Number of protein chains: 2
Amino acid sequence: MLTTAQQDAIDQVRSFNRFYTRHIGILDEGFLGQPLNLPEIRVLFEVAKESTLTANVLADYLRMDPGYVSRILAKLLKMGLLHRATDPSDRRRKQLMITPSGEELLQSLNDLARNNLEQLLAPLSPPQRSELVSLMNRIRALLEPSRQQRVLIRPLQLGDLGTVINRHAVLYATEYQWDKSFERTVLEVLAQFANTVDETCERGWIAEVDGQFAGSIFAVKESDETARLRALLVEPQFRGMQIGRQLIEQCIDFCRQCGYKQMTLWTCSCLTQARKLYTKAGFTCTKAWDEPLFGANLTSESWDKVL
Amino acid sequence: MLTTAQQDAIDQVRSFNRFYTRHIGILDEGFLGQPLNLPEIRVLFEVAKESTLTANVLADYLRMDPGYVSRILAKLLKMGLLHRATDPSDRRRKQLMITPSGEELLQSLNDLARNNLEQLLAPLSPPQRSELVSLMNRIRALLEPSRQQRVLIRPLQLGDLGTVINRHAVLYATEYQWDKSFERTVLEVLAQFANTVDETCERGWIAEVDGQFAGSIFAVKESDETARLRALLVEPQFRGMQIGRQLIEQCIDFCRQCGYKQMTLWTCSCLTQARKLYTKAGFTCTKAWDEPLFGANLTSESWDKVL
DNA sequence: CCTAATAGTTGATTATGTCAACAAATAGCT
DNA sequence: AGCTATTTGTTGACATAATCAACTATTAGG
């Protein structure tokens, strides 16, 4: 059974779908008066993109009836937009190619589509346009998770500290019901970091997936000999992508380069995923103690690693 | 002529449109095997939603041919899903209404659509769902500016502090090229706030537009007599919606209730929009001094207001 | 050489949508 | 009132879009 909130979400998505169907409908009207209809344009577009298509492959890819595709191709061939040659190695197959006049028409169709869209986007300012694009990309990332995701580990930038604080607070509240005192602690730790950071031996890194915040890690100086690993976090939707491992490796490499002799970190027994990562990276738990923290009864742990 | 960046934006929007067309297409496939096709469902749905429709209004709204609508209505009437009554004040018009059996069918179609969507949204966690909804609402707000946007001023929640820090850092860097020292200052101010807050006389508020972060303000105790207004921010895309004014009012109201005698705030001469808001709210600039701050040469100002 | 499978085409048919002509009612004008 | 123009909704004729199954030509595999 769905909760009310989730059902609301579904209804809101449906409402957006209705809205967007109408919106796209208005755009498609711009193609009226053209010699080609939408399926024909799609076929022409695909042939132009992929120069070695055959009718069957096309029908399969576009999820169209082979007979229908055959008729569309006949029309496009008759109009001189495509031509085709029998595959000498298999005389059943006919390789499709776009002709110069096909390219030309496709170009003008592209211009038309762009102009239509341009008119609809006209009321938007440039920053609003880039906001629109980034909203759309985010929606695609959410709905099409299979879309290739680029993982990037990069040094800290302006604005990252706030994001790290926000994500720690929200995530640990969601996953472990930790309270506001945890947010306060992270805030204090990072304020301390920002105020006293020595870039030569202290750093923070952010993991991004397709430009989105996916995780964080910090290395701070505990003493001349010892570095402390802090604020490791991987967003739940990006777990299993080796992001945690990469962040820890990045951090360890840096600490070695800085000449630290050992590393230490705090965690607690309930953070099983993080603990596995620490173990894999060569850390061992050297101390454990119970204490009430963040509104829960935690078993705090200290983990160390010799570099 | 379009700039390259704008053409990129247009191409990206087109790419999103192709993606979303496919996405909606997958959803619509769930309606196969029903006695009604998509246009018929849309008509039924609209009649159910708006009980005083007539055929022409419907055709207009759904951008369908009146003749086609007429035939669809004939089918739905024959199936007993709708009925209609001649408008007594204009006997050309016939008011459309849905019948109980129409409601019933619509309900089952709704369930079907919801289930289809539910399957597509299944991989998303609840927070991702609400993110999706808020992204969609924002897109609608951009593309359909007439649509009413709900502004909400709410008290601080877990996670807000990080967001406020991030937005301050990024926004002032973008708009005024302020450097990391500003991020550090905000971080420190809010860490201080989180650690020492006395909820009876200190508060923070967040402005949301359709669930999205739109702005912030804080009231902190300077002395028993004086409250300090801090961290006022309104996101650029939501300016001109009276959000700044509402945030300041909220803050002033609270300070009055707490029994403060006066309020004070820091700003600088270049923040012209904020200064206008302060003036309107009854603040006056009582002190001004030049100082190098945040990587710029600022004219700092102190503004006060007697409550 | 036979059978099964594949590539593509074609005829028949259905589904979907458009257009123009039309009747009925109303609005606006004189 | 009476005339004309407009609006609301319907209908027949037609055009477009899409599907299905039968069919030819070719190839693969034994």
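Mentor: Let's start with contact, which here means heavy atoms within 4.5 Å. This is a predicted model, where local features need pLDDT of at least 70, side-chain atom pairs count only at pLDDT 80 or more, and totals for chains, interfaces and linings use all residues. Side-chain values use heavy atoms, with hydrogens and water left out.

Trainee: How many residues of chain A are in contact with chain B?

Mentor: On the chain A side there are 68, and they touch 70 residues of chain B.

Trainee: What is the area buried between chain A and chain B?

Mentor: Buried area is the accessible area (1.4 Å probe) that two parts lose on being put together, summed over both. Here that comes to about 6,900 Å², with carbon and sulfur atoms giving 66%. Within chain A, the residues losing the most area to chain B are A:Arg114, A:Leu143 and A:Leu158, together 10% of what that side buries.

Trainee: How many salt bridges does the rule find across the interface?

Mentor: A salt bridge is a side-chain nitrogen of Lys or Arg within 4 Å of a carboxyl oxygen of Asp or Glu. By that rule, the interface of chain A and chain B has six. In one salt bridge, the side chains of A:Arg138 and B:Glu131 meet at 2.5 Å, N to O.

Trainee: Is A:Val209 buried or exposed?

Mentor: Buried means under 20% relative accessible area, exposed over 50%, and partly exposed in between (1.4 Å probe, protein chains only). A:Val209 counts as buried because its relative accessibility is 1%. A:Val209 lies 9.9 Å from A:Met241, C-alpha to C-alpha, although the two are 32 residues apart in sequence.

Conventions
Residues are numbered from 1 along each chain as its sequence is written. Chains are lettered from A and ligands numbered from 1 in the order in which they are written.
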